[in-house]
Amino acid sequence: TELNARGGFLVNPSMGFFHQFNKGLGIGLSVGYRFQVLNYTGDNDYRLQVAYNRLSVKLGFIFN
């Protein structure tokens, strides 16, 4: 059957830091926790709720 997405809930707290190496280059790093709940509906009162628990790691570069 075809499922219809009904939205959900997302929380993504994280902590990190930015460090500027020189005037034109920097780096950012963060670590966090991601919790997401998604709800789906289908034919004949079919309902599905999916929960995701994830660790998030983000790395970024800063160019000025």
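Begin with the whole protein, which is a predicted model, and ask how much of it is buried: such residues make up 12% of the 64 residues. The accessible surface comes to about 5,400 Å², and 57% of that area belongs to carbon and sulfur atoms.

Next, switch to a cartoon colored by secondary structure, where you will find 4 strands and 0 helices, running β-β-β-β from the N terminus on. The protein is more spread out than a compact globule, because its radius of gyration is 19 Å, well over the 11 Å that the globule rule gives for 64 residues. If you draw a box along the principal axes, the C-alpha atoms fill roughly 60 × 20 × 15 Å. Among the contacts with a separation of 6 or more, 54% are accounted for by residues 24 or more positions apart.

Now select Phe17, Phe21, Leu25, Leu29, Val31, Leu55, Val57, Leu59, Phe61 and Phe63 and show their surface: together they form a nonpolar patch with about 1,100 Å² of accessible area. Which of the elements gives the largest share of the patch? That share, 5 residues, comes from β4.

Finally, center the view on Leu29, a patch member that lies in strand β3. Is Leu29 buried, exposed or partly exposed? Its relative accessibility is 34%, so Leu29 counts as partly exposed, given that this class spans the range between under 20% for buried and over 50% for exposed.

How values were computed. Residues numbered from 1 in each chain as written. Predicted model: local features only at pLDDT ≥ 70, side-chain atom pairs only at ≥ 80, totals over all residues. Heavy atoms only, no water. Helix = DSSP H or I, 4+ residues; strand = E, 2+ residues; numbered from the N terminus. Rg over C-alpha atoms; globule rule 2.2 N^0.38 Å. Buried < 20%, exposed > 50% of the residue type's maximum accessible area, 1.4 Å probe, protein only. Contact = heavy atoms within 4.5 Å. Areas by Shrake-Rupley, 256 points an atom, 1.4 Å probe, with all protein chains shown as cover. Patch = residues over 30% accessible without salt bridge, like charges linked within 9 Å, V, L, I, M, F, W, Y side chains within 5 Å. Salt bridge = Lys/Arg side-chain N within 4 Å of Asp/Glu carboxyl O.
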